[in-house]
Amino acid sequence: MKRILMVAAATLILAGCPSYPPQQPGTQPPIVPVEPEKQPEVTPPPIDVVPTPPKQQTTDWSASITPLVNQMVTEDGVESGKVLLVDSVKNNTNGSLPVQAVTSAMTTAVENTNRFKVVPASVVSSARKTLGLSQEDSLVTRSKAIGLGRYVQADYVIYSVMSGSNKERSLEMQLMEVQTGEIIWTGKHNIE
C-alpha cells in the first residue's frame, strides 16, 4: 500500500509541473513589447485666490479744509487776535472718520492764517477730560462746544460737521462767539 501511495504522490507532483517544448539552439523566444503603465495625471490642488481688498481712499485733509478756513478768516465781523478753540469734528457720515486727523488738519489750517490765538491741543484734551468729554465724542453738539470754549476761555469756537457718505462727503463749519453763542460765519465745502 505504501508503494501505491508513493506512485500516486509522484504522479500528482509530476502532473503539476509545467512542461516546456524543447528549445532549438539559436532561437530566441518572441519578444512581446510591454507598454508602460500610464500614470494617472496628477492635478495640482486648487489654489485659493485671495481677493484683492479695495483701495483705501486717502484724503488730503489739509488741502480739503484750507479753502474753507481761508473763506472764514476773510469774513466781515471776524476779529483778528482773538482766542479760538477748534472743537472735534462731528461725524455724520455713514462710515468711520479719522476725527483726530481732521481736527488736527483744521487746527493747523487756522494756525497758518496767523489771525487767531489757537487753543493748544494739550489744553483742549485736558479740558475735555475735566469736563468728562471723550476725545472721540461722536455726539458733539453746539452747546458742548460752547461749554468747552468757555472752560478754556476762548472768544470763538469752530463747530464742524462732516456729513454724507464715504464717497461723497462735505464739511460744514460754523464760527461761533463763545459768550453769546451767536453764529458769526457758516461755510460748507465738498471733500474730495
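Where does Gln 153 lie? Hello everyone, let's start there. Gln 153 sits in the loop between helix H5 (142-151) and S4; helices (H or I, at least four residues) and strands (E, at least two) are DSSP runs, numbered from the N terminus. Before going on, a word on the model: it is predicted, so local features need pLDDT of at least 70 and side-chain atom pairs count only at pLDDT 80 or more, while totals for chains, interfaces and linings use all residues. Residues are numbered from 1 along each chain as its sequence is written, and side-chain values use heavy atoms, with hydrogens and water left out.

Gln 153 has a positive phi of about 60°, although it is not a glycine. Most residues other than glycine have a negative phi. Gln 153 is also exposed, with a relative accessible area of 66%; exposed means over 50%, buried under 20%, and partly exposed in between (1.4 Å probe, protein chains only).

Asn 114 also has a positive phi, near 60°.

Now to H3 itself. This helix has 15 residues and reaches 22 Å from its first C-alpha to its last, close to the 21 Å expected at 1.5 Å a residue (the expected span is 1.5 Å times one less than the number of residues). Its buried residues include Val 102, Met 106 and Val 110, and the buried residues of H3 pack against H2, S1, S3, S4 and S5.

What about the core? The largest nonpolar core has 27 residues, and Ile 65, Met 72, Val 110, Ile 158, Leu 171 and Met 173 touch the most other members. By nonpolar core I mean a set of buried Ala, Val, Leu, Ile, Met, Phe, Trp, Tyr and Cys residues joined through side-chain atoms within 4.5 Å. Elements giving two or more residues to this core include helix H2 (61-73), helix H3 (99-113) and strand S5 (169-177). Leaving aside neighbours within four places in sequence, Met 173 is in contact (heavy atoms within 4.5 Å) with residues including Leu 68, Met 106 and Trp 185.

Finally, which residues lie nearest the centre of the largest pocket? They are Gln 100, Thr 103, Thr 107, Ala 121 and Val 124, out of 15 lining residues. A pocket, on a 1 Å grid over the protein atoms alone, is an open set of points where a 1.4 Å probe fits, with protein on both sides within 12 Å along at least five of seven lines; lining residues have an atom within 4 Å of a point. H3 and helix H4 (121-131) each give two or more residues to that lining.
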